[in-house]
Amino acid sequence: MSDTPDLQEIHDFLIDIAAEAGKVITTSLPRIDSTGSKKNSSDLVTEYDKAVESMVSQKLQAKYPTYDFHGEETYTPEKPLTDKPTFIVDPIDGTVNFVHGFPSSCISLGFAVNRKPLVGVVYNPFTKTLYSAIQGRGAFLNRETRLPLKGDDNLEPLQGLENALIALEWGSERSGSNWETKVRTFESLGKTREAGGAMVHSIRSLGSAALNICAVATGSIDLYWEGGCWAWDVCAAWVILSEAGGIMAGGVQGDWSPAIDGRAYLAVRPAPNGQGQKEIVEELWSHVKGSLVY
C-alpha cells in the first residue's frame, strides 16, 4: 500500500462499510447496554453501537493496517487523536433517537490526516440518505446530487440571525458552567430583538451532530452551534460541509480555525461567494453567554 492515501478508494470503501453497518442498525431491536449510560441517563450506548464499531474497525484494520482508528466506543484519554492518517468513526450518531425509534441517526465515517478531515461518509439507514465528500472533489447526496441542494445559481446570501433557521442540541452534560452557557445562549438566540435577543426564525434539533451538519451543508439549515460533541461526531460531516461551500468556525468568540477535536463548533451553510458567512458567525458569537470549556 502506498504511503499516500488513495482518497477515492477510501471514500468508496467507507460507503460499502456504511451500507453494511446500516443493515445491522435497521434490523436491530435497540436496548441500552447492560453497562448503562456513559455519563448519565441521556448519554446512552447500546450493544449495537459496540457491535457496529467492532465490525468497522476490523474491516478498516484489515485493509489499512498502518492507519490509526479513533472511535467513540473504544476511545480512551490515553489514546488521543494524532496527526497520523486516522479513521474517525461514530458507529451510531444519534443513539437516543435510535433507542426511541426516531429515524434520525446515522453512521459517521471520517478520514483525517494531520488532524484535517479529508473524506467523509454519513449514512442514515432509516431514510437511506447518504452524504459523502472528498476534499477538493465536491460533496454529494446519494452519490449523484451535488450539494448544496439549491445549486450555485440559486444560493441566497445569509441575511443575519433574524432570518435564520438554526440547529442546537441539549447534549448530555446537563449541569455546570457549560450547561449554563448553553441555556443562556439558547435564550438569547430565541428571544425578541427588543429584549436583546436575536429572534431567529426557529430552532431545530435533529439529535445527531453529523446529521445537523449535513443539513447545513444541504442549505436547509443556516447554522448549527454546538458545544460538547467530539471529533467522531463532526469529522465526516465537516468534509461534506466544506466541500458544499459551507464553513466551520469555532463555537466561541474569535475561533476561525477550530481543531477537529476542539469540541465547540459553528457550522454555516453555503452562500454565494460566502456572502454573509463571516457576519453571521460574528453575530452568533455575540449571543454566546459565557464560555465553553472541555
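**Sheet, helices and local backbone features of the predicted model**

Strand β1 is joined to strand β2 (residues 86-93) by 4 bridges, and the two strands run parallel. Within this pairing, H70 stands opposite I88 in β2. The description given here rests on a predicted model. Both strands belong to an open sheet of 7 strands, arranged in the order β1-β2-β3-β4-β5-β6-β7, in which the pairing is mixed. The edges of the sheet are formed by β1 (68-71) and β7 (145-146), each of which pairs on one side only. Strands of a sheet pair through backbone hydrogen bonds, in either a parallel or an antiparallel manner.

Strand β4 (residues 116-124) takes part in two antiparallel pairings, one with β3 and one with β5. Strand β3 (residues 106-113) is connected to β4 through 7 bridges, and F111 has V119 of β4 as its bridge partner. The two strands form a hairpin with 2 residues between them, and N114 in the turn adopts a positive phi of about 55°. The pairing of β4 with strand β5 (residues 129-134) extends over 6 bridges. Here V119 stands opposite I134 in β5. A hairpin is also formed by β4 and β5, with 4 residues between them; K128 in the turn has a positive phi of about 55°. Strand β4 is mostly covered, since 8 of its 9 residues are buried.

Helix α1 (residues 7-26) lies across β2, β3, β4 and β5, and runs at about 30° to β4. Helix α6 packs on the sheet and touches β1, β2, β3, β4, β5 and β6 (139-141), with a direction that makes about 100° with that of β4.

Helix α6 (residues 231-244) also packs with helix α5 (residues 209-218), at an angle of about 0° and with the two axes 8 Å apart. The helices α5 and α6 are therefore roughly parallel to each other. On the α5 side, the contact involves A209, A210, I213, C214, V216 and A217, which meet D233, V234, A237, W238, I240, L241 and A244 in α6. Classified by residue type, this contact of α5 with α6 contains 12 nonpolar residues, 1 charged residue and no polar residues.

C214, one of the α5 residues in this contact, is buried, because its relative accessibility is 0%. The closest cysteine sulfur to that of C214 belongs to C106 and lies 7.0 Å away, which is too far for a bond. A search of the whole structure finds 0 disulfides. C229 is likewise in no disulfide, the nearest cysteine sulfur, that of C106, being 12 Å away. With a relative accessibility of 6%, C229 counts as buried.

In the loop between α3 (95-100) and β3 lies S105. This residue, S105, has a relative accessible area of 1% and is therefore buried. Leaving aside residues up to four places away in sequence, S105 touches I92, D93, G94, F98, Y123, N124, P125, F126 and L211.

Most residues other than glycine have a negative phi, and most peptide bonds are trans. The peptide bond from L147 to P148 is cis, with omega near 5°, and P148 is located in the loop between β7 and β8 (165-167). M199 has a positive phi, near 45°, although the residue is not glycine. The position of M199 is in the loop between α4 (177-190) and β9 (202-204), where a relative accessible area of 43% makes M199 partly exposed. N273, also a residue other than glycine, has a positive phi near 55°. The loop between β12 (264-268) and α7 (277-285) holds N273. At 80% relative accessibility, N273 counts as exposed.

Key. Residues are numbered from 1 along each chain as its sequence is written. This is a predicted model: local features need pLDDT of at least 70, side-chain atom pairs count only at pLDDT 80 or more; totals for chains, interfaces and linings use all residues. Side-chain values use heavy atoms; hydrogens and water are left out. Axes are lines fitted to C-alpha atoms, for helices over the stretch in contact, and angles run from 0 to 180 degrees between N-to-C directions. Angles under 35 degrees count as roughly parallel, over 145 as roughly antiparallel, 65 to 115 as roughly perpendicular and the rest as oblique. Contact means heavy atoms within 4.5 Å. Ala, Val, Leu, Ile, Met, Phe, Trp, Tyr, Cys and Pro count as nonpolar, Asp, Glu, Lys and Arg as charged, and the others, Gly among them, as polar. A disulfide is a pair of cysteine sulfur atoms within 2.5 Å. Buried means under 20% relative accessible area, exposed over 50%, partly exposed in between (1.4 Å probe, protein chains only). Two strands pair if DSSP finds at least two bridges between them.
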